[in-house]
Amino acid sequence: MADEIRNKQVLLKNYVTGFPKESDMEIATSSFKLEIPESTQNAVLVKNLYLSCDPYMRGRMSKLDTPSFVSAFNPGQPISGYGVVKILESTHPNYKKGDLAWGFTMWEEYSLMESPQLLVKIENTDLPLSYYTGILGMPGMTAYAGFHEVCSPKKGEYVYVSAASGAVGQIVGQLAKLSGCYVVGSAGSKEKVDLLKNKFGYDEAFNYKEEPDLNAALKRCFPVGIDIYFENVGGKMLDAVLLNMRIRGRIAVCGMISQYNLENPEGIYNLTSVIGKRIRMEGFLASDFYHLYPKFLGLVVPSIKEGKVVYVEDVAQGLEAAPKALVGIFSGHNVGKQLVLVARE
């Protein structure tokens with residue numbers, strides 16, 4: 001019989017309106033037995049090592065009036081999201097003690113999972129484990145699926161990426177360069193713009209906060225127009241992009257972070273551009289393409305090891321830092337992929 005321990009957790013206090021605040025969450029502890037209950041089959045007991053802070057989590061902090069692709073958090077309960085875990089005990093045939101995995105977990109120190117099908121076993125343990133919250137996890141699959149599977153790039157095409165220094169954007173730009181495309185990205189600070197040009201290999205980049213006219217900024221960067229737009233922002237940015245798309249351009253809609261905290265989302269006024277330019281605009285989820293994860297690893301793992309693809313992380317230390325880290329991504333405080341280190345392996 002295992003002793004009870006105190007399990008630290010991040011709870012959602014109440015449903016959120018507007019921009020989330022640290023005070024919308026709280027750190028709590030609960031009693032927890034480090035064992036799988038007798039007769040519980042196909043379960044795993046895990047130690048949470050890294051937690052991922054992702055924009056889609058904002059929607060889960062509000063009471064959902066309409067169906068969504070992911071359920072809302074429950075006030076008073078731990079929030080959940082992608083993370084990296086170590087298996088401490090298992091009654092599931094696919095996992096054994098000591099295995100490492102990434103996937104959905106709770107924001108707490110230890111978790112009992114009775115649905116470990118939401119996990120993916122980590123085979124490439126010679127790369128940083130934290131990468132499985134980012135480039136080797138959901139954000140990496142998002143970048144790959146949106147760019148390669150949704151947009152079908154051709155060598156020499158003109159590619160624009162908004163929120164280009166974030167968890168997904170930094171990967172998209174590098175995939176585009178590997179495909180022989182011309183790539184421009186936008187970000188919200190000089191530091192991030194410098195990263196785009198000097199570390200991620202973007203051909204050009206601009207600080208959207210310093211551009212009074214986004215349409216003019218895009219015309220300057222793309223005199224002949226945009227073939228592929230990887231959409232992370234929405235709102236005024238999408239409106240400006242529509243005016244600058246080329247005929248038969250493709251837009252992969254990954255996210256619209258500028259709209260998530262608005263009670264009245266901004267309207268889009270230039271949608272008629274879709275007609276004459278025959279633009280294809282498609283929303284997608286990484287989970288639609290998880291069956292291609294081995295194919296994705298076959299491309300990106302060698303590229304990382306050969307130094308052809310690099311990744312920047314912003315790591316918050318300790319579970320207590322998780323609320324601040326999560327809230328910070330909605331005001332651009334992070335540089336690179338935001339994650340939380342809960343515990344060392």
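View 1. Helices (H or I, at least four residues) and strands (E, at least two) are DSSP runs, numbered from the N terminus. This is a predicted model, in which local features need pLDDT of at least 70 and side-chain atom pairs count only at pLDDT 80 or more, while totals for chains, interfaces and linings use all residues. Residues are numbered from 1 along each chain as its sequence is written, and side-chain values use heavy atoms, with hydrogens and water left out.

View 2. Buried means under 20% relative accessible area, exposed over 50%, and partly exposed in between (1.4 Å probe, protein chains only). Among the buried residues are Gln170, Ile171, Val172 and Leu175. The buried residues of H3 pack (heavy atoms within 4.5 Å) against elements including helix H2 (138-150), strand S9 (182-187) and helix H8 (293-305).

**View 3. Helix H4 (residues 190-198).** Lys192, Val193, Leu195 and Leu196 are the buried residues of H4. They line one face of the helix, because their directions seen down the axis fall within an arc of 155°; the arc is taken over directions from the helix axis to the C-beta atoms. S9 and strand S10 (204-207) are among what covers these residues. Lys190, Glu191 and Asn198 are exposed on the face turned away from the buried side.

**View 4. Cysteines Cys53 and Cys254.** With a disulfide taken as a pair of cysteine sulfur atoms within 2.5 Å, the count is 0. For Cys53, the nearest cysteine sulfur is that of Cys254, 16 Å away. Cys53 is buried at 3% relative accessibility. For Cys254, the nearest cysteine sulfur is that of Cys151, 11 Å away. Cys254 is partly exposed at 26%.
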